[in-house]
Each structure stands twice: as C-alpha cells, then as structure tokens.
Amino acid sequence: MTERAKLRFESTFTNALNHTNFAPPATQIDNTSTFGVLSAAQTSENAGNRTGQVALRIDF
C-alpha cells in the first residue's frame, strides 16, 4: 500500500481436492485379520473434510 503500511494475504487449505483421508490403522496385534488395515475415513473433527481459511493482514 505505502512504505509504512503493508498488506498481507494468507490462505490455508486442507484436503482441497477432497480426496478420502483414512483414519490410522488398527494396532491390536492379537487380531491378525485387522492389524494394519485402513478401514475407515477420518471424521470432520480430524480434518477429514475439505476446509479452508483466508486472512488479510495490515501491518503499519
């Protein structure tokens, strides 16, 4: 804007292409049929869905 004031634009996006993000695999080694298997998608609380954030900042 001027020498003393600066305008800054920032953006952060998670899963912008909306691909499936899987939850961590099962870790119980006593059940060998499910150990290490990716069986469920992450929930929206764990950034499973598409999210975005934009910010405009003025420094003076």
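What percentage of the 60 residues of the chain counts as buried? I looked this up before anything else. The value is 5%. I note that the model is predicted.

Secondary structure. I found two strands and zero helices in the chain. Strand S1 covers 6-14 and strand S2 covers 51-59, with a loop between them.

Surface. I then looked for a nonpolar patch and found one of about 880 Å². Its residues are Leu7, Phe9, Phe13, Val54, Leu56, Ile58 and Phe60. Strands S1 and S2 each supply at least two residues of this patch.

Valine 54. Valine 54 lies in strand S2. I list valine 54 as exposed because its relative accessibility is 55%, and the cut-off for exposed is over 50%.

Alanine 40. I placed this residue in the loop between S1 and S2. Is alanine 40 buried, partly exposed or exposed? Its relative accessibility is 39%, so I list alanine 40 as partly exposed. Leaving out residues up to four places away in sequence, I find that alanine 40 touches Phe22 and Ala23. I also checked asparagine 21, which is 19 residues from alanine 40 in sequence. The C-alpha to C-alpha distance between alanine 40 and asparagine 21 is 8.8 Å.

Technical notes:
Residues numbered from 1 in each chain as written. Predicted model: local features only at pLDDT ≥ 70, side-chain atom pairs only at ≥ 80, totals over all residues. Heavy atoms only, no water. Helix = DSSP H or I, 4+ residues; strand = E, 2+ residues; numbered from the N terminus. Buried < 20%, exposed > 50% of the residue type's maximum accessible area, 1.4 Å probe, protein only. Contact = heavy atoms within 4.5 Å. Patch = residues over 30% accessible without salt bridge, like charges linked within 9 Å, V, L, I, M, F, W, Y side chains within 5 Å. Areas by Shrake-Rupley, 256 points an atom, 1.4 Å probe, with all protein chains shown as cover. Salt bridge = Lys/Arg side-chain N within 4 Å of Asp/Glu carboxyl O.
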